Amino acid sequence: MSQDAERKLILPSYRRDDVDAHPPLLSPGYRSTVTRAPQQPLTYLPQRLTEVTGPLLGEGRLGELDHDLTRQHDGEPLGQRIIVHGRVLDGDGRAVPHTLVEIWQANAAGRYRHTADTWPAPLDPNFTGVGRALTDAEGRYRFVTVQPGAYPWRNHDNAWRPAHIHFSLFGRAFTQRLVTQMYFPGDPLFSQDPIFNSVRDERARQRMVARYDHAATRPEWALAYEFDIVLRGREATVFEDEDEDDDE
Amino acid sequence: MSESLGVTPAQTVGPYLHIGLRWPDGPYVVPEGTAGAFWLRGRIVDGTGAAVVDAMVESWQADPDGRFDHPDDPRGARPPAVAGFRGFGRAETDSEGWYALHTVKPGPLPTFDGDTEAPHLTLSVFGRGLLHRLVTRVYFPGEAANATDPVLRTVDPQRRDTLLARPAADGFQFDIRLQGEHETVFFAV
């Protein structure tokens, strides 16, 4: 094989996650995992073309007000108005630019606008609870929404989910795809929540908790939280000279 | 290079995933009316055999020429061979656990060590009770390249057929068994 042909088949490589980075699929405290978690060990998949590429979904998917969950109806939703902002980074602290961020959440009363959510808390006619944004060139995103409420969920006796916002991220490769939840600092419901605690490592767990960000609040208008999301980084060795031309 | 940051842990999409992740055009990897397009359908069941009605499947694949319109395809990003080809599909399961994706067969792919990967889609499965996505691959029946595919070759021969779609009336069927007998092979990427 010629040197040129060999070079053409060199692929980027993404770091494999540490064992404790993500929750074990079988986490019996979260009852639904008991019948849904695979029993066989996962099979090692080398990262090839399909894994190191991925959908780069752009502006065409976004409406003008998709980032502002408080302006999607005729009136404003009830609840504490908050700004949720942050950066999408890779494991080396590099920005992940122009990547789609999707969020969804319960309303201020802890009720989802969903047929399967029937607990007796009110829906809000002015709140759907879905948002989308693209990160900018520095990996930044920003949403305006209301503080979601906690809600009961029958997993165990008197079980309540801590307030959270669901986040879905693509990154730039199939290997980086991530769905997570953002929690709020100091929530007294953490201790009894098996989903939050399915992440065994305390430091990893804290990466799902946003930081109250007084500097980003808007006086007389909204509180603010900062939530950075870290996707898997690339192995360092492969990219000696790629930084110059991979920005777009 | 800066110091390595810890990755943000995965969490389940929960039962209300449809609020945030439903796209009207989600299942359409290629538009309706595309020549050679078919439906890839399948049913997701749990360890008790019950339908998983609150899950979502996402697919990613090369175009029929085996190319990706992506800057990290070292052969060069290239607009797809099929008009409107997105490469990506997203489909939620219905009240009986079925998902459906409208796509075309991808081409075979070269590997860094001179092998050829047989045509395949990669799938992520999200759902209530899944704290992290599950990753699997869909291969197509009757492809000569399946016999030498470097990924299929690494899979326990007894379980290899869990990665093979079956012919169906309007395309192919690929069922996903999360747990237990005939459990689908899931991958660590």
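Modeller: Happy to. Let's start with a pairing: strand 1 (residues 38–45) of chain B and strand 4 (residues 98–103) of chain B run antiparallel, joined by six bridges. Strands here are DSSP runs of E with at least two residues, helices are runs of H or I with at least four, and both are numbered from the N terminus. Two strands count as a pair if DSSP finds at least two bridges between them.

Some ground rules. This is a predicted model, so to speak: local features need pLDDT of at least 70 and side-chain atom pairs count only at pLDDT 80 or more, while totals for chains, interfaces and linings use all residues. Residues are numbered from 1 along each chain as its sequence is written, and chains are lettered from A and ligands numbered from 1 in the order in which they are written.

Back to strand 1 of chain B. If you look for B:Phe38, you'll find its bridge partner in strand 4 of chain B: B:Thr103. Strand 1 of chain B also pairs with strand 10 (residues 171–173) of chain B, this time parallel and over three bridges. There, B:Arg41 has B:Gln173 as its bridge partner. Strand 11 of chain B joins strand 1 of chain B too, running parallel with two bridges, and B:Ile176 in strand 11 is what stands opposite B:Ile44.

Now for strand 2 (residues 55–60) of chain B. Six of its six residues are buried, so the strand is largely enclosed by the rest of the structure. Buried means that 20 or more other C-beta atoms lie within 10 Å of a residue's own; 12 or fewer makes it exposed, anything in between partly exposed, and the C-beta atoms are placed from the backbone. In a regular strand the side chains alternate between the two faces of the sheet. For strand 2 of chain B, both faces are covered: B:Ala55, B:Val57 and B:Ser59 are buried on one side, and B:Met56, B:Glu58 and B:Trp60 on the other.

Strand 2 of chain B has pairings as well. With strand 7 (residues 120–127) of chain B it pairs in the antiparallel sense over six bridges, and B:Glu58 stands opposite B:Ser124 there. With strand 3 (residues 88–92) of chain B the pairing is again antiparallel, over five bridges; look for B:Trp60 opposite B:Phe88.

Let's step back to the whole chain. A compact globule of 189 residues would have a radius of gyration near 16 Å, and the 17 Å of chain B agrees with that. That radius is taken over C-alpha atoms, and the globule rule is 2.2 Å times the number of residues to the power 0.38. Of the 189 residues, 47% count as buried. Among contacts in chain B with a separation of 6 or more, 70% come from residues 24 or more positions apart; a contact means C-beta atoms, placed from the backbone, within 7 Å.

One loop residue deserves a stop. B:His182 lies in the loop between strand 11 (176–177) and strand 12 of chain B. Its phi is positive, about 60°, although it is not a glycine. Most residues other than glycine have a negative phi. B:His182 counts as exposed, with 11 C-beta neighbours inside 10 Å.

Finally, the partner. In all, 72 residues of chain A are in contact with 63 residues of chain B. The side of chain A that touches chain B divides into 35 nonpolar, 23 polar and 14 charged residues. Here Ala, Val, Leu, Ile, Met, Phe, Trp, Tyr, Cys and Pro count as nonpolar, Asp, Glu, Lys and Arg as charged, and the others, Gly among them, as polar. To find the spot, look for A:Tyr44, whose bridge partner in strand 12 of chain B is B:Ala188.

Key: Two residues are in contact if their C-beta atoms, placed from the backbone, lie within 7 Å.
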